[in-house]
Structure formats: structure tokens, C-alpha cells
Amino acid sequence: MSSIYIETYGCQMNFADSEVVNSILGKEGYTTTKDINLADYILINTCAIRDNAEQRIRKRLHELKALQRQHPQLRIGILGCMAERLKTQLLEEEDNVSFVVGPDAYRKLPTILQLVQKGEKTAETELSTEETYSDIQPVRIDGNGISAYISIMRGCQNFCAYCVVPYTRGRERSRDPHSIIEDAQMLFSQGYKEVTLLGQNVNSYRFTEADGTLVGFPELMERVAQVSPLLRVRFATSHPKDLSDELLQVMAKYPNICRCIHLPVQSGNDRMLKLMNRHYTTEWYLNRIDAIRRYLPDCSITTDVIAGFCSETEEEHQDTLAMFRTVRYDYAYMFKFSLRPNTYAEKHLHDDVPEEVKTRRLEEIIKLQGEIALENNQKEIGRVYEVLVEGTSHRSKEQLFGRNSQNKVIVFDRGNHQPGTYVNVKVTNCTAATLIGEVVEQA
Ligand code: SAH
Ligand code: SF4
Ligand code: F3S
């Protein structure tokens, strides 16, 4: 039987989708290989969020030509957001690609592979308003058997001015809560200790049951948290405009809902936020930060930010730095603005901040955030955390690593402890990225 090799780029949702693809093809008898040299089909699940994400894929395709020369029967397919954005254009531009499949067309993969085997080239990129792959049990690929993703919704229709996602993922739709709970229960019974509920904007999750009752995100969280107190629940991403007190109250009620909120700010300036079509002001954002601190005093807060969006002035950039000083994020994903085809920014604004200015602004944000993260971590010294052990530390075989509820990585001496268990660890030292600790008997 034919074997497939899946390579995944981009966000957690793409990783979750690759598991759906793995499941769909597995049911048809395809086997997954971890050795690319043994593959009959290479499926590359791609990201289109920034230009460099796409350049990376183009480079990878070029590299794979050597392998294709050695294995003439090998076929390469492009899945995911870049497939959706470029459609048949990808078949024209990349001569070693045989099939292009968008995020809502994965059920067609078995048929597509049959066509491809006959030597045809094909693109399936229709988006759906309903597809959630609800009935498909994802087959985990490179999992650690401890922590798993559960996709709870698909698509996004916020249309932030810079963002390509609404075009590559289609309309927002929520998945049936029963199938989500079943997934969580099944994972827990298989030994998983942590699930992360995924969506571009999880706070706008809403599903109407057959009897007309509406299930919102706080209620869904509550149901997942009730699967077991030993199952940690995380979620990403929250849009600041929809982060409700009700959700924070549910979080406060369940200690197994992790104390970590990812709240992308994008900019610390109101004119920029408006231009970005974010639907909140800095005042609103800071009000949400206050609410988090009030309900969940031990919650970590992380963010995404964009440097050098269209027409951003030096003062406006300073406002972003000021926002970072005020909130004191525990972690941040920091990006240089990249103009994406078809977005509002591309059609109506000017990408006029020079590249070197974008780079310098980004570096200033990175430097400041590095200082803040280190200071935040230094305050952790002496505290004791319950840590879910995930595996052996990358630096030393004698050490394990895991995460606390706040999603901070903690490294400690192995002792007799095992991955997949909870241990209490006292923080004794730190870097800006990692906490270092020792196991103690109790919290
Ligand atoms: N749904 C999430 C984010 C998804 S994309 C949200 O709304 O917050 C992840 C991050 O990539 C975004 O938060 C943003 O910071 C960044 N990003 C998106 N488009 C970008 C672009 N064109 N240039 C640079 N960064 C971008
Ligand atoms: Fe993109 Fe905005 Fe949707 Fe996030 S909320 S995926 S940034 S359009
Ligand atoms: Fe990239 Fe698509 Fe995710 S563009 S960030 S893989 S939704």
C-alpha cells in the first residue's frame, strides 16, 4: 500500500489539520511514514500568513527535486493556506507539485490521490461554510502522548486589515460540542493529560444545538474542564474584543483550566488598531488585562504584535513599546508587517514603512520584551508550581522538562519522575525563556 509523509508549517490549527488528513487517508489504507525517503506521497501543509512563510515552502519544494529524481514515482501535494491562496497557480508555478488541496477539501484527498496516481494534476480549493471535520477522529502524528490539540472551530471573518486568514480559511464556523467533549474524553482515556482547544478566535465559539440552545465558549470550556480534574485545558487564540468576564469566571472556577491567556494586541496605538480593523481601543484592551488580573491573579499573559504596519509613525511605535511596559507580557510573538495580497491593506493602504525601519522597530520590541520576560521570571524564584512532565530536557539527559499552568517551561533533575505525571517544582533559577527548579514534596 502507498505511504504518505506529512510535513506541517504554520499555526497549531495546521498541525491539527494534518492529524485530520492522517486520519482520512489512514482509513483508506494509506500508511504514514516518518522517513521521507520511503514516501510515495509528500503532503506539505502550508502557511500563508507572511511572505517569508511562503518563501520557505518554495525553497523546500526546490530542495525536494533531488529526492524526486531518485524516486520518479514520488508525488508532492500542497495543502493548507498557501494552497487555498494560490490554487491552480501553484501547479503552474511549481512543476514538481501534482496536487493542491485547500483546508476545507481534505475529505477529497483519497479521490485526489487516485487521480494523481494516474498521472493527473489537480487542485481542489473550494471553501465550505459548514465543514468542521467533526466526525473525524484525528490521528496524532508526532505527539508526545501527553498533550493534544482539539480544533473547535474553523475560519475567521474578522478581516483584520493585514491578515490573509479569512481568505485562506473561509467563514467562521463552530464544531458540535458533543464531538469536542468526546474527543477530550477519548484522549484522557488514552492517557493524555492536556488538551488545547483551537480556533482563530475561540471567544466567538457558538453552536446551536438541535433543541435550539446556544452553547458559547465559556460553557464549552466548563464542559471540557469537567471531563477530569486531571486533564489540563488550554485554548488559543482569544480576540481582545470578545474576551468576556464570563469566561474569566469559568476559568477561576476550574483549577485545571490553565492560567494562561494569549491576547494578541498587534499595536499599542489607537489609530493603528483602527486602521488594522481590530475593533478595540487600547483602553478596552487594558480593561481586559485588568479583568484577567482581577479574576485570575496568577494568570500569565502572552501576545502577538506587528511592527511597521502601514503608515505607523515613530510615536505610534513608541505607544506599542509603552503597551509592553504596562502589560509586562510573559511571552510575545513579534512580527514585521508583511503586506499580503488581497487584504484590505494591500488594496487600500500603503506599505510605506521602510524595511530597515520595520527591522529596527521589531528589534526594539524584541529587546524590551526580553528584559520584561527575564524580570517576570526572576519574580518566580522561590515559588512552587505543579508541573506536567513532558519529556527529557534538550540540554541534558539527566533533566526533565514540563510546563506549569502558566505555560512556562521548567527544567529540573530527573530523579525517578516520568513524562505524563504531575510533580511539584520549586523555581530556583531562570533565564528569559526558561525556569529552572527542583522537585519538592508538596506545593
Ligand atoms: N487569530 C489570531 C492570530 C492569527 S495569525 C488573532 O486574531 O490574534 C497570528 C499572528 O500573525 C497575528 O496575531 C499577527 O500578529 C501576525 N500576522 C498576521 N498577519 C500578518 C502580516 N500580514 N504581517 C505580519 N504579521 C502578521
Ligand atoms: Fe487574522 Fe484577525 Fe482573524 Fe486573527 S482575527 S485570524 S488576525 S483576521
Ligand atoms: Fe498560517 Fe493558515 Fe495558520 S496562514 S497561521 S497556517 S491559519
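Glu84 is buried, with a relative accessibility of 2%, where buried denotes under 20% relative accessible area, exposed over 50% and partly exposed the range in between (1.4 Å probe, protein chains only). The model is predicted, and local features therefore require pLDDT of at least 70 and side-chain atom pairs pLDDT 80 or more, whereas totals for chains, interfaces and linings use all residues. Residues are numbered from 1 along each chain as its sequence is written, chains are lettered from A and ligands numbered from 1 in the order in which they are written, and side-chain values use heavy atoms, with hydrogens and water left out.

The side chain of Glu84 forms a salt bridge with that of Lys87, at an N to O distance of 3.7 Å; a salt bridge is defined as a side-chain nitrogen of Lys or Arg within 4 Å of a carboxyl oxygen of Asp or Glu. Lys87 is partly exposed, at 34% relative accessibility. In general, side chains of opposite charge can pair when their charged atoms come close. The structure contains 39 salt bridges.

A further salt bridge joins the side chains of Lys108 and Glu124, with an N to O distance of 3.3 Å. Because Lys108 lies in the loop between β5 (99-101) and α5 (109-117) and Glu124 in strand β6 (residues 122-124), this pair ties together parts that are 16 residues apart in sequence. Helices (H or I, at least four residues) and strands (E, at least two) are DSSP runs, numbered from the N terminus. Lys108 is partly exposed, with a relative accessibility of 38%, and Glu124 is also partly exposed, at 25%.

The side chains of Glu380 and Lys408 form a salt bridge at 3.0 Å, N to O. Glu380 is placed in the loop between α14 (355-378) and β17 (384-392) and Lys408 in the loop between β18 (399-403) and β19 (409-413), so the pair links parts that are 28 residues apart in sequence. Glu380 is buried, at 6% relative accessibility, and Lys408 is buried as well, with a relative accessible area of 9%. Elsewhere, salt bridges link Asp17, Asp104, Arg154, Arg169 and Arg173 in a network.

The structure contains zero disulfides, a disulfide being a pair of cysteine sulfur atoms within 2.5 Å. Cys430 takes part in no disulfide, and the nearest cysteine sulfur, that of Cys260, is 18 Å away. Cys430 is buried, with a relative accessible area of 13%; Cys163 is likewise buried, at 14%.

An oxygen atom of ligand 1 is 2.7 Å from an N or O atom in the side chain of Gln266, and an oxygen atom of the ligand is 3.1 Å from an N or O atom in the side chain of Arg50. A nitrogen atom of ligand 1 lies 2.7 Å from a backbone N or O atom of Ser338.

Notes
A polar contact is a pair of N or O atoms within 3.5 Å; within protein, one must be able to donate a hydrogen and the other to accept it, and residues adjacent in sequence count only if both atoms are side-chain atoms.
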